[in-house]
Amino acid sequence: MRNGMMAWRGKYVWLTKSLANEDVGLEETDTDTWSISFGLLSLGSYHSPSNTFIPELHWRSPRPPTDDEEDLIKAQQTPGNHSQGSPILPV
């Protein structure tokens, strides 16, 4: 979506306008709770029953990605080149 909202299971949740038109990853962390990330950057958690996004911004690794890792992230974000696992949803 162009306005920074994510559609998930028939509901919309506000993430950030900064990621409009970008793909984010969701990974189930607990019953009804999903971790939302943008590449190696963890954005926060989404609780589906309450349709609530809890921002918790941090790098998924102990350091920011190197230039080589950034290139890998960009390559993985090209259409048709998504890895198996977490669903990738437009924001």
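# Strands, turns and a tryptophan pair

Colleague: How do S1 and strand S2 pair, and over how many bridges?

Modeller: S1 and strand S2 (residues 11–14) run antiparallel to each other and are paired over four bridges, where pairing requires that DSSP find at least two bridges between the two strands. Strands here are DSSP runs of E with at least two residues, helices are runs of H or I with at least four, and both are numbered from the N terminus. This is a predicted model, in which local features need pLDDT of at least 70 and side-chain atom pairs count only at pLDDT 80 or more, while totals for chains, interfaces and linings use all residues. Residues are numbered from 1 along each chain as its sequence is written, and side-chain values use heavy atoms, with hydrogens and water left out.

Colleague: Which residue in S2 is the bridge partner of methionine 5?

Modeller: Methionine 5 has tryptophan 14 as its bridge partner in S2. The two strands make a hairpin with two residues between them, and arginine 9, which lies in the loop between S1 and S2, has a phi near 50 degrees, a positive value in a residue other than glycine.

Colleague: Is arginine 9 buried or exposed?

Modeller: Arginine 9 counts as exposed because its relative accessibility is 62%; the cut-offs are under 20% relative accessible area for buried, over 50% for exposed and partly exposed in between, with a 1.4 Å probe and protein chains only.

Colleague: Which other residue has a positive phi although it is not a glycine, and where is its place?

Modeller: Asparagine 51 has a positive phi of about 55 degrees, and its place is the loop between S5 and strand S6 (52–59). With a relative accessible area of 26%, asparagine 51 is partly exposed.

Colleague: What does asparagine 51 touch beyond its sequence neighbours?

Modeller: Not counting residues up to four places away in sequence, asparagine 51 touches Lys11, Tyr12, Val13 and Tyr46, a contact being heavy atoms within 4.5 Å. The C-alpha atoms of asparagine 51 and lysine 11 are separated by 7.3 Å, although these residues are 40 apart along the chain. The side chain of asparagine 51 also reaches the backbone oxygen of tyrosine 12 at 2.9 Å and makes a polar contact with the side chain of tyrosine 46 at 2.6 Å. A polar contact is a pair of N or O atoms within 3.5 Å; within protein, one must be able to donate a hydrogen and the other to accept it, and residues adjacent in sequence count only if both atoms are side-chain atoms.

Colleague: Changing topic, how many aromatic pairs does a search of the whole structure find?

Modeller: The search finds one aromatic pair. Tryptophan 8 and tryptophan 34 form it in an edge-to-face arrangement, 5.0 Å centre to centre and with 70 degrees between the planes.

Colleague: Which strands does the pair link?

Modeller: Tryptophan 8 sits in strand S1 (residues 5–8) and tryptophan 34 in strand S4 (residues 33–38), so the pair links distant parts of the chain, 26 residues apart. Tryptophan 8 counts as buried at 9% relative accessibility, and tryptophan 34 counts as buried at 9% as well.

Colleague: What about the largest nonpolar core, which residues have the most contacts inside it?

Modeller: The largest nonpolar core has 13 residues, and those with the most contacts inside it are Met6, Val24, Leu26, Ile36 and Leu43. Such a core is a set of buried Ala, Val, Leu, Ile, Met, Phe, Trp, Tyr and Cys residues joined through side-chain atoms within 4.5 Å. S1, strand S3 (23–30), S4 and strand S5 (41–47) each give two or more residues to this core, and the largest share, three residues, comes from S5. Isoleucine 36 touches residues including Met6, Val24, Leu26, Leu43 and Phe53, not counting those up to four places away in sequence.

Colleague: And serine 45, what does its side chain make a polar contact with?

Modeller: The side chain of serine 45 makes a polar contact with the side chain of glutamate 56 at 3.4 Å. Serine 45 is found in strand S5 and counts as buried because its relative accessibility is 15%. Among its contacts, leaving aside neighbours within four places in sequence, are Trp34 and Phe53.

Methods. Rings of Phe, Tyr and Trp (its six-membered ring) pair if their centres lie within 6.5 Å; planes under 30 degrees apart count as stacked, over 60 as edge-to-face and the rest as tilted.
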